[in-house]
Amino acid sequence: MSSSAHPRRGLLLLTSVCIAGLALTGCAGSSTTPAAAAPPAPASAPAPAGVTITDPWVKTAESGMTAVFGTFTTSGSAPVTIRSAVTSASPRTELHEVVTGADGAMVMRPRADGFALEPGTPHVLAPGGDHIMIMDLTAPIRPGDQVEVTLSLSDGSTTRFTALAKETSGGEENYDDGAGEMHMSEGGA
Ligand SMILES: [Cu+2]
């Protein structure tokens, strides 16, 4: 909340708040607000631009958190922004980006302004980069499982898709190192 002169410190603070939220299943921003899941239905909006999703997948996980990836392209002629996401795997889903901290470590954090999609430019969500973060999994996600994802777009429309669960080889990224820190260790790329 307070503006910090140290960006990295701000990051750490932010992630530790997140972790506390995970542990207690109820941090400041946590969701007992039922309204979030019900996007407004545009009755007579012009044909929604919509978003085309190519090869959507979700990383398998036994518990805790995981993420949805894929290639997202607006099918309209104007830019559109993915504002939020809701999934069938948990009541708590966030849009995350990955940034490099002062110490060179990769840290993920919520992206408040969402994912902006420019016509003709696919926006790739991939391990080590932007992703749709699913927190507080309500059940394990195993290979072949399907997770329903609904995106709320800046034009008021929603786009729904199904992400197929895939296992990825270890070492690509770490969302939770189990020591109270959320940072990512990059294997390659
Ligand atoms: Cu994340």
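Analyst: In this predicted model, strand β3 (residues 80–87) lines up with strand β9 (residues 146–153) in the antiparallel sense, over 5 bridges.

Gln 146 has Leu 164 as its bridge partner in β10. β9 and β10 make a hairpin with 4 residues between them, and in the turn Gly 156 has a positive phi of about 90°.

Back on β3, zoom in on Ala 85, which lies in that strand. Ala 85 counts as buried because 20 other C-beta atoms sit within 10 Å, and 20 or more is the cut-off for that label. Ala 85 and Leu 151 are 66 residues apart in sequence, yet their C-alpha atoms are 4.5 Å apart in space. Setting aside neighbours within four places in sequence, the contacts of Ala 85 are Thr 93, Leu 95, Ile 132, Val 149, Thr 150 and Leu 151.

Some of those names come up again in the largest nonpolar core, which has 27 residues. Val 149 and Ile 132 are among the residues with the most contacts inside that core, and so is Ile 82. β1 (51–59), β2 (66–74), β3, β6 (115–117), β8 (131–135), β9 and β10 each supply at least two residues of this core. Ile 82 itself, again leaving aside neighbours within four places in sequence, is in contact with residues including Val 51, Phe 72, Leu 95, Phe 115, Leu 151 and Leu 153.

Terms used
Residues numbered from 1 in each chain as written. Predicted model: local features only at pLDDT ≥ 70, side-chain atom pairs only at ≥ 80, totals over all residues. Pairing = 2+ DSSP bridges. Buried ≥ 20, exposed ≤ 12 C-beta atoms within 10 Å, placed from the backbone. Contact = placed C-beta atoms within 7 Å. Core = buried A, V, L, I, M, F, W, Y, C linked by C-beta atoms within 7 Å.
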